[in-house]
Amino acid sequence: MKVLLLNGSPRKEGCTYTALCEVAGALEKNGIETEIIQAGNPAVEFVRAAAEKMKTADGLVVGSPVYWASPTGEIVTFMDKFCGMAGKDMLRKPAAAVASARRAGTTATLEVLSKYFSYHQMPIVSSCYWPMVHGNTPEEVKQDLEGMQIMRMLGNNMAWLLKCLEAGKEAGIPAPEQEQQVRTNFIR
């Protein structure tokens, strides 16, 4: 099994990356392969490469720093394109959002990112608290002991859910039948 982690920060190895590494470490300790992709560049070729990897991934974690009380514009643009390309490959795969901030705006960031998952019927993995870390540098994030614990528990919970889903498949439990989508317009 494999989980794809998208780093929505323009800083390749900054605070968000530090949080994602903690999640990845927990997943790997549970026997789950991980790959962190720098998603801070929404150019089509980068999105297309990530979408290609989603075909074989079993889960997804998207991380973003907080900019102006929201996810970065880069990750929002990336996710808009990514979902258009990889939407069918995201269907019903476990997902989680991670936010990093100096101070505030984390819950709004998590809410925006989680909407991509809900639309694609992805079970949203939780932790013992909202999946966020605080700090202005990677070193400060590592000092956020509660935040780092939350990241580890998030990774452990995702590993557990992935193993439960795999056990269900092996036991012959089918996925729900996909209905034809109904679209309603409210303008007459």
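1. Contact between α3 and α4. On the α3 side, I75, V76, M79, D80, C83 and M90 meet V112, L113 and Y116 of α4, where contact means heavy atoms within 4.5 Å. By class that gives eight nonpolar, no polar and one charged residues. For the classes, Ala, Val, Leu, Ile, Met, Phe, Trp, Tyr, Cys and Pro count as nonpolar, Asp, Glu, Lys and Arg as charged, and the others, Gly among them, as polar.

2. A word on the basis. This is a predicted model, with local features needing pLDDT of at least 70 and side-chain atom pairs counted only at pLDDT 80 or more, while totals for chains, interfaces and linings use all residues. Numbering runs from 1 along each chain as its sequence is written, and side-chain values use heavy atoms, leaving out hydrogens and water.

3. Geometry of that pair. Helix α3 covers residues 73-90 and helix α4 residues 106-119; they pack at about 20 degrees with axes 10 Å apart. α3 is therefore roughly parallel to α4 (angles under 35 degrees count as roughly parallel). Axes here are lines fitted to C-alpha atoms, for helices over the stretch in contact, with angles from 0 to 180 degrees between N-to-C directions. Helices are DSSP runs (H or I, at least four residues), numbered from the N terminus. The α3/α4 crossing is right-handed, that is, the near helix is turned clockwise from the far one by less than a right angle.

4. α2 against α3. Helix α2 (residues 44-54) has its axis within 9 Å of that of α3, and the two cross at roughly 25 degrees. So this pair, too, is roughly parallel, and its crossing is right-handed. From α2 come V44, F46, V47, R48, A50, A51 and M54; from α3, F78, K81, F82, M85, A86, D89 and M90. The class tally is 11 nonpolar, no polar and three charged residues. Note that M90 of α3 turns up here and in the α4 contact as well.

5. Cysteines. With a disulfide taken as a pair of cysteine sulfur atoms within 2.5 Å, the count is zero. For C15, the nearest cysteine sulfur is that of C21, 12 Å away. C15 is buried at 15% relative accessibility, whereas C21 is partly exposed at 31%. The terms: buried is under 20% relative accessible area, exposed over 50%, partly exposed in between (1.4 Å probe, protein chains only).

6. G25. This glycine sits in helix α1 (residues 15-29) and is partly exposed, at 26% relative accessibility. Its C-alpha lies 7.5 Å from that of R152, although G25 and R152 are 127 residues apart in sequence.

Technical notes: Parallel < 35°, antiparallel > 145°, perpendicular 65-115°, else oblique.
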